[in-house]
Amino acid sequence: QVELVESGGGLVQPGGSLRLSCAASGQIFSIPVMAWYRQTPRKERELVAGITSNGSINYADSMKGRFTISRDNAKNTVYLQMNSLKPEDTAVYYCNAQIVTRIGRPLFTYWGQGTQVTVSS
């Protein structure tokens with residue numbers, strides 16, 4: 001019954017900005033890790049950024065200095081602020097979360113449906 005819903009994608013010019021949001025809902029005990037991935041037809045799905053429940057963050061090298069990941073634990077929501085966007089950032093961006101649905105149960109990985117980001121003049 002867990003669902004991840006992304007929003008905030010769209011068309012933006014090179015150098016512009018977008019902020020993506022992903023909200024998790026359903027039966028949730030904890031979400032140790034939330035992350036963003038992206039995928040194009042030419043490339044396999046790749047990690048963009050990840051963040052743990054205590055605020056530990058990692059970014060893919062190509063995104064460092066341009067993208068910022070954050071989360072609101074009270075809302076079970078993760079954000080991705082994307083600045084200085086480049087045409088090569090064009091992709092479908094997917095929300096990912098490792099979620100414990102009930103205390104004592106193992107983690108499972110959940111995926112959102114994806115949101116399209118297009119960077120073009």
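This section describes the sheet pairing, nonpolar core and salt bridges of a predicted model.

An open sheet of four strands is found in the order 1-3-8-7, and its pairing is antiparallel. Strand 1 (3-7) and strand 7 form the edges of this sheet, each pairing on one side only. Neighbouring strands in the sheet are turned against each other by 15 degrees on average, direction ignored. Strand 1 and strand 3 run antiparallel and are joined by five bridges. Ser7 has Ser21, in strand 3, as its bridge partner.

The largest nonpolar core comprises 28 residues, of which Trp36, Val48, Phe67, Val78, Leu80, Met82 and Tyr93 touch the most other members. Two or more residues each are contributed by strand 3 (18-25), strand 4 (30-40), strand 5 (43-52), strand 7 (67-72), strand 8 (77-82), strand 9 (91-100) and strand 11 (115-119). The greatest contribution comes from strand 9, which supplies five residues. In soluble globular proteins, nonpolar side chains tend to be buried together. When neighbours within four places in sequence are left aside, Val78 is in contact with Leu20, Ser21, Cys22, Met34, Trp36, Ile51, Ile69, Ser70, Arg71 and Cys95. Ser21, listed among these contacts, is also the residue bridged to Ser7.

Five salt bridges are present in the structure. A network of salt bridges links Arg38, Lys43, Glu46, Arg66 and Asp89. Within this group, Arg38 forms a salt bridge with Glu46, with the closest N and O atoms 2.8 Å apart. Arg38 also forms a salt bridge with Asp89, for which the closest N and O atoms are 2.9 Å apart. The latter pair links distant parts of the chain, given that Asp89 lies in the loop between strand 8 and strand 9 and Arg38 in strand 4, 51 residues apart.

Glu46, by contrast, has a relative accessibility of 23% and so counts as partly exposed. A further salt bridge is formed between the side chains of Asp61 and Lys64, at an N to O distance of 3.2 Å. Asp61 is exposed because its relative accessible area is 63%, and the exposed class begins over 50%.

Note on methods: Residues numbered from 1 in each chain as written. Predicted model: local features only at pLDDT ≥ 70, side-chain atom pairs only at ≥ 80, totals over all residues. Heavy atoms only, no water. Core = buried A, V, L, I, M, F, W, Y, C linked by side-chain atoms within 4.5 Å. Buried < 20%, exposed > 50% of the residue type's maximum accessible area, 1.4 Å probe, protein only. Contact = heavy atoms within 4.5 Å. Salt bridge = Lys/Arg side-chain N within 4 Å of Asp/Glu carboxyl O. Pairing = 2+ DSSP bridges. Axes fitted to C-alpha atoms, helices over the stretch in contact; angles between N-to-C directions.
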